[in-house]
Amino acid sequence: MRLWGPAIRYTPLLPSPDGSPRSFKSQALTYRRFCSVLVISSLIAAIIVLGALRIFHLELSFASSPPDTVSPEIPAEHSIPVIPPDTSIPTDIHQADDQPIDSLNEHMSLDEIRAMVSHTRGFYTRDYSLGLGWNNIRYIIEAAMLQARLLNRTLILPSFVYARSCAYDLSVCADEAHMVNKGDAIGWDEWRDLPLEQQMAWQIPITTMLNITQLRRFHPVVTTAEYLQYARLPATVETTSGFWDRNAYHQSSNPLGVHSDPTEGKPTIFVIENAWYDPEGVTRVDVLSEGMKDRGGWIPGDASVVQPGSWGTSDSDEAQLILKSLLPDNKVVEWDVAKSAVRQLAAQLPEAINGKMTSPPDFDNDNFIEEVLNQNGWEVLYTFQGAAGMDFIKHVVMPIKQVALRTSIRGFVDDYFDVDADVLVLAGETHLYRKPGQMRLTSQSTQELFQRLVVHHVVPLDKVYDLARKLDFRISAMNNGRQWMGAHLRRGDFVGFGWAWGNSHEGHLARVKQHLDEGRKLLQSEHPATLYSIPDIMPDTSMPHREPPQEGDKFFIATDESDPEKLRYFSDNGAVMLHDLVTFEDRHEFGWGMLFSDIIGLVEQATLARGSYFYGTAMSSFTGGVFNMRAVLGAEEITALAD
């Protein structure tokens, strides 16, 4: 039986699973000498690794070339895998945010891991694209957390991520974190033509970027290293690319197991193939509501198969055909467009409205509009507004409604909750060109739940916020205690892509100053105070009242520009940067993380969140993180701009 059509939306951010060899361009003489020095040590390391694999009875697996295999539970293309039924689909996923778990320690013992997993139905994980920058990885983690909670499974995160650049000499950072060649570790070739020093990255624990203790207050989470400990496998098995190894991670001869298991004690696995997630014509949502099922004549299907159920077929009446013709030929439509179409339907076919609704016609009433849409084959979904017509920044501070054709909708819970396997894996990448959470939601309560997850639980360590508070007061002191403004000046790869504003660093800074000048005038004016629509805003009462900024005041910028001359130009024209503010004492207190630009970026985001006005680019995920942090602190909506 064929479930989906052949069209898919797979974006191959991960290494190609076909195992095809990469073409290596000739490297510089320095690189050849570097490799020569490593030859002997590499041979020794290879002998040690092969010996370890032999001892633990493991197969050799390379992260840059994932094995072209599937588990016994994975079906052939377009077929339906049969699984034993387990429990029914949950009707309420909105448990308290502070989950009762047995340990909130950063590092967990085996007993603590077992206790945590025992409260859930097994594990959920995915292929993580660790070649992306931290903010994009954070978005993927946010979505994975939501998916794991929907399925009541313990989420598995990668044990480490990669810091992409060092603020000092490479050897300084290499003394603190394992240095790798990004192309070799991830399996991508995009860095091969760069100078050797720009091909390097540093493997840092994910717990340096993420407050995993706070994350566990929302839902059970373990790292891959903790899962491997649970499965009695060596930590060295973890792949360097973020790919979930379908072979090496499931070879334990005596695992603890979550379910009864017929496969010789190995942790069982089920893979949600990438092509099943949201192929062309499908709108992926969290869960189908009972009302939605009733309206659409949902046929549950065989509970022993994955992705059971389908929408009943019904003849479209005149009103449905007219409404469909009035809406764009998309599976998802903006709310204002849908409201306008309902008005036009009433004008063209009044009998489709009058007397058929439970309430009198009121085109300014969202409930009335939704009732008309529901009766004519459309459903209201909940998601978040992007910026500049795009969804790169993926913040959650502007909740919106959209409308989708009912027959296009598939529920994640409905399709995969009943899978009976120890580990459920989402294959490939589902990050690009999708809304926050990588799915739309069928209730406002789940929309708010996701907001809480993002702004209160997927957060940096406390020391990031502590340092940001100090920098906030230092910037204000530079401006005689007044409010200050900030911006994100994304340079680096954006310059090469043509995404940086202006044809030069001078033009880029001029645009930033133009927007900050508009922000200064706004702050000096009388204007209504409207906070972002997020739950549990926590204004920072430690920030004293400050006068608005004045013309000529210093402003703070976060930038990845590294050219000393260009940085000097920024400074000469009023910009203050992190290195102007951080003291030796700050670095000593914060620790080795201040060596790496990715960790420095966290401090910059938390600092920009405390500014009275912020300007960033709509194409950078960094900007989205700043918006989220500002919203929690009670910033006004109109005091930030992304374009």
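**Aromatic rings in a predicted model**

The charged end of Arg284 sits over the ring of Tyr277, 5.5 Å from its centre. This structure is a predicted model.

Me: Over the face of which residue does Arg121 lie?
Reply: Here is another arginine to find in the structure. Arg121 is 4.5 Å from the centre of the ring in question. That ring belongs to Phe417.

Me: How many aromatic pairs does the count come to?
Reply: Rings of Phe, Tyr and Trp pair if their centres lie within 6.5 Å. By this rule, the count of aromatic pairs comes to 18.

Me: Why is the pair of Tyr227 and Trp244 tilted?
Reply: Planes under 30 degrees apart count as stacked and over 60 as edge-to-face, with the rest tilted. The ring centres of Tyr227 and Trp244 are 5.0 Å apart. Their planes stand at 55°, so the pair is tilted.

Me: How many residues apart are Tyr227 and Trp244?
Reply: Tyr227 is in helix H7 (residues 224-230). Trp244 is in the loop between H7 and strand E7 (269-272). The pair links distant parts of the chain, and the separation is 17 residues.

Me: Are Phe384 and Phe450 buried or exposed?
Reply: Phe384 and Phe450 form a tilted aromatic pair, 6.0 Å centre to centre with 40° between the planes. Phe384 lies in strand E12 and Phe450 in helix H14, so the pair ties together parts 66 residues apart in sequence. Under 20% relative accessible area is the cut-off for the label, and both Phe384 and Phe450 are buried.

Notes: Residues numbered from 1 in each chain as written. Predicted model: local features only at pLDDT ≥ 70, side-chain atom pairs only at ≥ 80, totals over all residues. Heavy atoms only, no water. Helix = DSSP H or I, 4+ residues; strand = E, 2+ residues; numbered from the N terminus. Buried < 20%, exposed > 50% of the residue type's maximum accessible area, 1.4 Å probe, protein only. Lys NZ or Arg CZ within 6 Å of the ring centre and 35° of its normal.
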